[in-house]
Amino acid sequence: MPFQKTVNIKQAFGLPGEFYDDSPRRAHTFKMALNGEALPTFGYAFTATSNEGEAQPGGSNAFLGILVNPKEHALRGGLTPSLTLPAGAVGTLCDFGRVLVTVAAAVTPTSLPVYNTTTGAISGVAAGSSSAGAGNAFIPNAKFVFYSAAADGLAVLELNGFANAPAAGE
């Protein structure tokens with residue numbers, strides 16, 4: 001057996017919806033709802049529905065966060081791996097922290113993060129852009145950090161809470 005000649009500085013990425021590191025984070029649980037036929041998917045963006053305590057993938061209501069902790073959920077429907085949850089399941093949405101997300105299009109740390117309002121899929125637009133693009137919305141107070149990512153690759157999305165977040169104790 002030859003001697004090790006390479007030492008990695010960073011650990012390999014995990015799954016979409018996992019936390020990137022042990023930096024501070026904030027997350028809340030919500031009941032998952034469908035947005036049309038779009039299933040709740042880990043590492044996707046979610047917004048509020050008209051029902052209190054319920055979240056949907058994509059949407060145009062108040063942004064709630066990114067679906068995280070894929071390893072907390074039991075596998076449904078046999079042994080086929082899946083990163084989706086059924087409607088009615090309870091999921092955790094992160095609104096503050098660094099999360100691994102799959103990006104639909106290539107991004108760099110200067111790209112502005114956006115999500116598809118139908119599915120919740122995340123991508124980016126060029127820095128300084130005033131438009132999120134057709135069928136997309138900006139993710140508030142968020143940015144891509146550390147790495148560039150190719151289309152369908154993993155990126156690190158840093159969520160920094162919201163301008164309209166309740167004050168402590170509210």
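Me: Helices are DSSP runs of H or I with at least four residues, strands are DSSP runs of E with at least two, and both are numbered from the N terminus. In which order do the elements of the protein chain run?

Reply: From the N terminus on, the order is β-β-β-β-β-β-β-β-β-β. The protein chain has 10 strands and zero helices. Please note that this is a predicted model, in which local features need pLDDT of at least 70 and side-chain atom pairs count only at pLDDT 80 or more, whereas totals for chains, interfaces and linings use all residues. Residues are numbered from 1 along each chain as its sequence is written, and side-chain values use heavy atoms, with hydrogens and water left out.

Me: What share of the residues in the protein chain is buried?

Reply: A residue is buried under 20% relative accessible area, exposed over 50%, and partly exposed in between (1.4 Å probe, protein chains only). Buried residues account for 42% of the 170 residues. Strand E4 is a clear case: six of its six residues are buried, so E4 is largely enclosed by the rest of the structure.

Me: Which residues touch the most other members of the largest nonpolar core?

Reply: A nonpolar core is a set of buried Ala, Val, Leu, Ile, Met, Phe, Trp, Tyr and Cys residues joined through side-chain atoms within 4.5 Å. In the largest one, of 19 residues, they are Ile-66, Val-101, Ile-122, Leu-157 and Leu-159. Two or more residues each come from strand E4 (63–68), strand E5 (90–102), strand E9 (142–145) and strand E10 (154–160). Apart from this core lies another, of 11 residues, among them Phe-30, Met-32, Ala-55 and Leu-85.

Me: What does Leu-159 touch beyond its neighbours in sequence?

Reply: Contact means heavy atoms within 4.5 Å. Leaving aside neighbours within four places in sequence, the partners of Leu-159 include Phe-63, Ile-66, Phe-96 and Asn-141. Phe-96 is found in strand E5 and counts as partly exposed, at 31% relative accessibility. With residues up to four places away not counted, Phe-96 also touches Pro-24, Arg-25 and Arg-26, among others.

Me: How are strand pairings read, and in what order do the three strands of the open sheet stand?

Reply: Strands of a sheet pair through backbone hydrogen bonds, either parallel or antiparallel. Here two strands pair if DSSP finds at least two bridges between them. The open sheet has the order E7-E6-E8, with antiparallel pairing. Strand E7 (122–125) and strand E8 (136–138) each have a single partner strand and stand at the edges, so one side of each is left without a neighbour in the sheet. Strand E6 (residues 112–116) pairs with E7 over four bridges, and Leu-112 stands opposite Val-125 in E7.

Me: Which strands does E4 pair with?

Reply: E4 is joined by three bridges to strand E2 (residues 45–48), running antiparallel, and Thr-47 stands opposite Phe-63 in E4. E4 also pairs with E5 in the antiparallel sense over three bridges, where Val-68 faces Thr-92 in E5.

Me: How far from Pro-113 is Lys-143?

Reply: Their C-alpha atoms are separated by 6.0 Å, although the two residues are 30 apart along the chain. Lys-143 lies in strand E9 and is partly exposed, with a relative accessible area of 41%. Besides Pro-113, the contacts of Lys-143 outside four places in sequence include Val-156 and Leu-157.
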